[in-house]
Structure formats: C-alpha cells, structure tokens
Amino acid sequence: MILQVGTAVVTRGDGRLALGRLGSLCEQLKDINSQGYEVILVTSGAVGLGRQRLRYRRLANSSFADLQNPQNDFDGKACAAVGQSSLMALYDAMFSQLDVTSSQLLVTDSVFRDEAFRKQLSETVKSLLKLRVIPIFNENDAVSTRKAPYEDSSGIFWDNDSLAGLLALELKADLLVLLSDVEGLYSGPPTDPKSKLIRTYVKEKHHGEITFGDKSRVGRGGMTAKVNAAVCAAYGGIPVVITSGYANDNIIKVLQGERIGTVFHQDAHLWTLVKEECARDLAFSARECSRKLRALNSQDRRQILLDVADALEANESDILAENEADIAAAQEAGYDMALIARLALKPGKISALAKSMRQLADMEEPIGQVLQKTEVADGLVLEKVTCPLGVLLVVFESRPDALVQIASLAIQSRNGLLLKGGKEAKRSNAILHKVITKAIPDTVGGELIGLVTSRDDIPDLLKLDDVIDLVIPRGSNKLVSQIKESTKIPVLGHADGICHVYIDKSANLEMAKRIVHDAKTDYPAACNAMETLLVHQDLFNNGQLNEIITQLRESGVTLYGGPHAAVLLNLSETTTLHHEYSSMACTVEIVDDVHAAVDHVHVYGSGHTECIVTEDHEVAEYFLSQVDSAAVFHNASTRFCDGARFGLGAEVGISTSRIHARGPVGVEGLLTTRWTLRGNGQIVDGDNGVEYTHKNLLQSS
C-alpha cells in the first residue's frame with residue numbers, strides 16, 4: 001500500500017506541524033505494518049516546516065530596525081533543504097517510539113527518466129519492505145531543476161500526489177490512499193451545502209460535472225492534483241481511495257473495506273448500474289413531501305393515518321414472516337436474548353400498533369394551535385402558533401415497532417422523516433417502510449418517510465444541519481454518544497435507561513412486591529424497566545426485604561448487590577451502580593432513608609424514570625419534588641413511562657434532555673412555534689404615532 005499525506009494534513013491552520021495527526025498516522029502505519037502489509041509513505045510538509053524554522057531564525061537574528069522593514073518570503077528550495085531533515089527527524093522519532101524502522105528516499109522527476117535508476121529504486125524498495133522498514137518518499141525540492149517548482153506542472157510528476165501515483169504504477173502497488181483535509185471528492189467545493197460526496201468516481205460521469213474549489217491552503221494542487229493522480233493510477237490498474245487524514249483510523253477503515261471517502265477504479269463504470277440515492281437527496285425529498293403534507297387539511301391528514309393503519313393489518317402475515325426471518329438470523333448470529341426480545345413482533349403487536357395509529361388520527365389537530373394572541377397596537381394582532389419542526393432523523397436499534405410509532409407521529413405532526421434502523425431488523429424495517437409509504441397518497445409522496453439502509457450514510461446525514469432539524473437516537477449509550485459528538489444538529493434522546501424503584505419503610509409490602517415484580521419482569525429489555533432496587537434499611541432489619549428478594553429470584557431475576565447489599569444479603573457485588581441490564585437482572589442496594597435514596601439516584605441514575613413506594617405522603621412528596629428525572633412516580637410501576645400509556649398515541653422515544661422535550665416524546669415534542677402578525681398597513685417609522693397596547697386577546701376572549 002502506498003499512502004500519500006498532503007501538507008494540509010501534516011500541518012495545522014497556523015502552519016505548524018499537526019503533531020496529533022502525525023502521531024495517529026504513525027500508529028496506524030505501525031498496526032498495518034505489524035499485520036503484514038507492506039507500506040510506503042509519501043509525505044509533504046518539508047517546505048512548510050523549513051519556512052517555519054527559517055522565520056524563527058530570522059526573527060531571532062533581526063534587529064529592531066530590521067523588523068520595521070518589509071520582510072521578503074524565503075526561497076522555496078532553501079525551505080525544503082532546512083525542513084526535510086527536520087521532517088524526517090520527527091518521523092524517525094515517532095516511529096522509533098513504536099518500534100518501527102523508517103527510511104528516507106528523496107527523488108526528483110528527472111531521475112525517473114533513467115531506466116537504471118527506476119530498476120534500482122524498485123530493488124531498494126523491495127529490500128526495505130522485506131525487512132519491514134517503512135520507506136518515506138518526498139520530492140527533493142531543494143535540488144529540483146523545475147523552473148517554477150510550485151507552479152510549473154511539466155515533467156514526469158509535479159507534486160507529491162502525482163509522485164504517489166507514479167510510485168504506485170512503478171512498484172505495482174495493490175492500493176493507493178491519498179489523505180486530504182476533507183472526506184473525499186465532492187461534486188463542488190466542500191464548503192458549499194449543495195455539494196455531494198462522491199462515493200465512487202466514474203470518469204465518464206463525473207469528469208465534466210465536478211466544480212473544484214480553491215487550491216490547497218498550503219500545498220500546490222489541492223483536490224485537483226489528487227484527482228488527476230488518482231485517475232492516472234486507477235486507469236493503470238491501481239485501486240485508489242481519497243479520504244480524510246483528520247480522522248484517527250481512516251487508513252485502517254479503508255483496509256477493512258468500510259465505505260469511506262471516494263474510490264477510483266478502472267472498472268468503476270461497471271459498479272454503478274444500480275442508482276444510489278445519497279443522503280442529501282433523501283433529506284431534501286422528505287422536506288419537500290412534508291411541505292405538501294402541511295398543505296392538507298386535518299381530515300385528509302387523518303385519512304392518511306387511517307389508511308396506514310388498515311395497510312398494516314392487511315399485510316400482517318407478510319410483516320410477521322419478515323420479522324421471523326430477522327429473529328432467526330439474529331439467533332444464528334449469536335445476538336443476546338435482550339436484543340432478540342426487542343426485535344420480536346409479538347402476537348397482537350400489529351393490531352396494537354394499528355389501534356394506536358387510529359387513536360392518534362382522532363386526536364386534536366396539533367398544527368396551527370394558537371398559544372398566544374396579542375393586540376400589539378390598534379389593528380395589529382400577533383399570534384404564536386404551533387408548526388412542524390421540519391425534517392427528523394431517527395436512528396434506532398432492534399425494535400421494528402418503533403418504526404411504526406415514529407412514522408405515525410411524523411405524519412400527525414407533518415414532519416418529514418428519515419429512519420435508520422439496526423441491521424438486525426433490516427427485513428422487518430424494509431417491509432414496514434414499504435407498507436407505510438405505499439399507503440401515503442401521491443399528492444404527498446412516499447418520500448415523506450425515507451429509510452436509510454446503509455450505516456455508512458449516517459455520517460453524511462449528520463452533516464446536513466441545513467436540511468435536518470432534529471436527530472433522535474434510540475439505542476445504546478455508545479450510539480447516542482457517537483451521534484452527539486458527530487453533529488451540529490440538535491439531538492433529543494436518552495443514553496441509558498437506569499430506572500430505580502425505592503421502597504420506603506412505610507411501604508405497603510404487597511403493593512411493593514407487585515410494583516417491583518412488574519417493573520423488572522413485564523418487559524426487561526425496555527428502557528423503562530427497573531434496573532436498580534433501593535430498599536430502606538428498616539426493611540432489611542425486620543426481614544420484609546427477604547420476601548421481595550425471594551419473589552424476584554423465583555421469577556428468574558439474577559440479583560447483584562451494591563456495596564451494602566452485597567455484604568448483608570450475600571449477593572455478588574455489581575461492578576458498577578450505573579448499569580443498564582436490559583435483561584432479567586438488577587442491582588439491589590440498601591439505603592438509610594429517602595434522602596439517601598434521592599442522592600443515590602442523582603449519582604448513579606440516568607434521569608429516566610424513578611419510583612417510590614410509600615404510604616407516607618410527606619416522604620412521597622419529597623421524593624417527587626427532589627428527584628431530577630424525566631418521570632417520577634409514586635406507588636406505580638416504572639413501566640407506565642410510555643407515550644401510548646400516557647395518552648400521547650405513540651412516542652418517538654423518551655428524552656432525558658432538559659431542553660425542548662422531556663420524558664415520552666409524542667406529537668407535542670415534534671413541534672415548534674412561529675409568529676404571525678396581521679395588520680392593515682402599519683409601519684414603525686421610529687415608533688412615531690404608534691401606541692402599543694400589548695393586550696392579551698386570549699384572556700379577554
């Protein structure tokens with residue numbers, strides 16, 4: 001593999017070396033080298049590093065008078081001569097720390113005209129690779145005979161991109177990777193929101209369509225040079241990938257076959273028989289369809305939901321067949337039982353989903369509700385009304401029934417929707433999406449709800465902050481955290497569902513046993529299932545806790561103890577009190593009182609749902625008012641924290657955020673507001689002659 005790293009990757013915005021990126025690069029090459037790959041590095045950065053060192057030297061040697069005069073820039077060849085040794089010293093130091101040996105090879109384009117040189121070069125490189133040494137190539141700009149080395153493109157190669165391409169052909173490489181400061185090749189300047197990332201370059205299609213932006217801020221050619229080098233190598237039989245050098249593991253991802261960057265291949269035109277709809281196209285289509293949906297009256301929107309509900313029931317057998325295929329594949333792949341439980345569409349589930357959709361259809365029209373109406377001045381009336389957010393992106397794992405709930409809420413709230421489900425439910429999601437979108441009339445368009453089938457599209461979607469208005473992740477803590485770190489789009493959701501039930505000393509024991517049993521065993525994989533049971537110290541002392549423990553064990557629940565309970569109840573101690581089991585297991589801990597219970601929830605909880613079981617009204621009110629979670633219950637199972645059970649019709653998820661929406665998120669959480677002002681020719685004119693009344697017309701009516 002030949003890897004080319006450009007100046008924009010090697011240096012920071014201020015021209016200094018990007019040591020973090022270089023360190024990551026060296027670590028990846030070390031891992032690749034140790035796996036048996038033969039790696040050749042073509043690097044830029046010597047001129048920039050030399051210029052930086054010479055500037056410092058000139059500043060140190062300058063008098064005050066010298067600094068008052070304009071300073072000429074340095075000769076590029078001098079910069080190259082100074083910087084080359086420094087750049088190689090840095091690579092040598094980094095590779096030495098990783099127990100890797102590197103070597104330096106400086107070349108000029110003129111020497112490639114010599115057949116003997118090319119033969120010797122090939123033999124030298126093969127010898128180095130056999131010894132597991134990483135050859136590092138760079139053009140020897142210090143002695144280049146080119147008239148204008150940074151502008152003149154004559155010769156066999158004219159920059160390190162074309163040098164990398166030439167070496168790939170000369171040494172018959174298996175792969176050429178060109179690292180850039182952007183994700184890959186775009187249809188236009190990457191800063192243009194309308195530009196699309198080209199996954200596979202087809203010369204016949206893309207050559208005349210691409211608009212290149214400015215050249216590299218520090219190098220010679222930027223993306224134009226990379227594309228020219230990539231096309232030359234690809235049509236010479238060398239596969240090429242252009243991808244970002246800013247990510248920590250892109251080189252390894254390329255070798256693992258992940259779909260990142262832009263691929264160049266001589267047979268690429270044969271791969272594009274099937275049209276790929278890019279992420280931006282899906283998002284734009286969803287937005288356009290949502291605007292058509294907004295134009296419908298309430299009855300027409302209601303009819304769409306009823307038609308979708310009917311279609312679900314009419315296609316129930318096909319849906320369940322695809323779901324059974326997903327379950328069988330998940331079992332064969334060895335997925336854990338908690339995931340398989342979430343994946344299954346149990347008997348009666350389709351009917352229940354259709355029923356919820358019909359209930360949602362019969363709810364009050366959510367759009368255009370007047371929340372505030374004010375007479376600003378005589379004849380000037382201001383209203384604050386509800387309206388859709390725009391386009392939603394919902395990423396969820398395992399549960400195909402979530403697709404139906406989310407789609408119904410999007411239709412009711414008149415939002416466009418993009419859905420990305422887990423690969424384990426791909427058949428179920430595909431059939432459900434097909435049934436739902438087929439029931440949407442052509443006047444709106446089935447593209448209202450787009451189904452994203454490739455995980456590789458998610459990074460592209462998360463960049464579309466000009467089209468997508470809200471991201472809602474439903475899944476693991478890892479999934480939610482990754483999405484939050486990868487996007488500027490607002491994110492609504494929860495990372496964990498660590499729900500607590502606290503049994504106070506005044507609790508009715510039989511009630512407590514029923515609530516605890518339901519909260520843990522009704523649906524252990526749900527995010528509102530109990531994961532930690534907190535018990536007042538007195539219940540251990542009087543022996544009542546034993547009845548609760550016995551009941552849980554008889555129900556098949558595996559118990560783990562906190563620091564106190566593990567000792568007092570002889571339980572295996574949990575490794576962490578902040579743990580979501582999503583299975584028939586839970587943590588038990590003994591606390592002194594309600595104050596200690598609240599403190600425990602705040603330290604180890606996730607802000608989802610908490611419950612207190614007590615007959616003491618004062619203790620209950622303290623718990624309800626002091627626990628800072630999205631939902632807090634008194635004498636009721638945590639399993640009630642659900643959009644359908646709350647009467648919301650359905651939910652897109654449960655939010656533990658504190659902004660916009662919290663708890664089960666139904667239609668209301670998918671709305672925003674806008675202002676409408678109605679007048680009859682009023683102007684501000686410096687507020688001359690305007691008498692502001694600010695009269696609340698809703699109260700007066």
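Student: In this predicted model, what share of contacts between residues at least 6 apart in sequence join residues at least 24 apart?
Tutor: The count covers contacts in the protein chain between residues at least 6 apart in sequence. Those joining residues at least 24 apart make up 73%.

Student: How much of the protein chain is buried?
Tutor: The protein chain has 701 residues. Its secondary structure comes to 26 helices and 25 strands. The buried share of the residues is 51%.

Student: How far apart are the centres of the positive and negative side chains?
Tutor: There are 71 positive side chains and 90 negative ones. The centres of the two sets are separated by 6 Å.

Student: Does the span of helix 17 agree or disagree with 1.5 Å a residue, and what is the distance between its end C-alpha atoms?
Tutor: Helix 17 holds 13 residues, 426–438. The expected span uses one less than the number of residues, so at 1.5 Å a residue helix 17 should span 18 Å. The two values agree: the end C-alpha atoms are apart by 18 Å.

Student: Which elements cover the buried residues of helix 17?
Tutor: The buried residues of helix 17 include Ser428, Ile431, Leu432, Val435 and Ile436. An α-helix has 3.6 residues a turn, so residues three or four places apart point the same way. The cover includes helix 12, helix 13, strand 11, helix 16 and strand 13.

Student: Which cysteine sulfur is nearest to that of Cys641?
Tutor: Cys641 is in no disulfide. Cys641 is buried, with a relative accessible area of 1%. At 7.2 Å, the nearest cysteine sulfur is that of Cys499.

Student: Is Cys527 buried or exposed?
Tutor: Buried means under 20% relative accessible area. Cys527 has 19% relative accessibility, so Cys527 counts as buried.

Student: What separates the C-alpha atoms of Gly48 and Thr11?
Tutor: Gly48 is in helix 3, residues 46–61. Gly48 is partly exposed, at 22% relative accessible area. Gly48 and Thr11 are 37 residues apart along the chain, and their C-alpha atoms are separated by 7.9 Å.

Conventions: Residues numbered from 1 in each chain as written. Predicted model: local features only at pLDDT ≥ 70, side-chain atom pairs only at ≥ 80, totals over all residues. Heavy atoms only, no water. Helix = DSSP H or I, 4+ residues; strand = E, 2+ residues; numbered from the N terminus. Buried < 20%, exposed > 50% of the residue type's maximum accessible area, 1.4 Å probe, protein only. Contact = heavy atoms within 4.5 Å. Lys, Arg positive; Asp, Glu negative; His and termini not counted. Charge placed at Lys NZ, Arg CZ, Asp CG, Glu CD. Disulfide = S-S within 2.5 Å.
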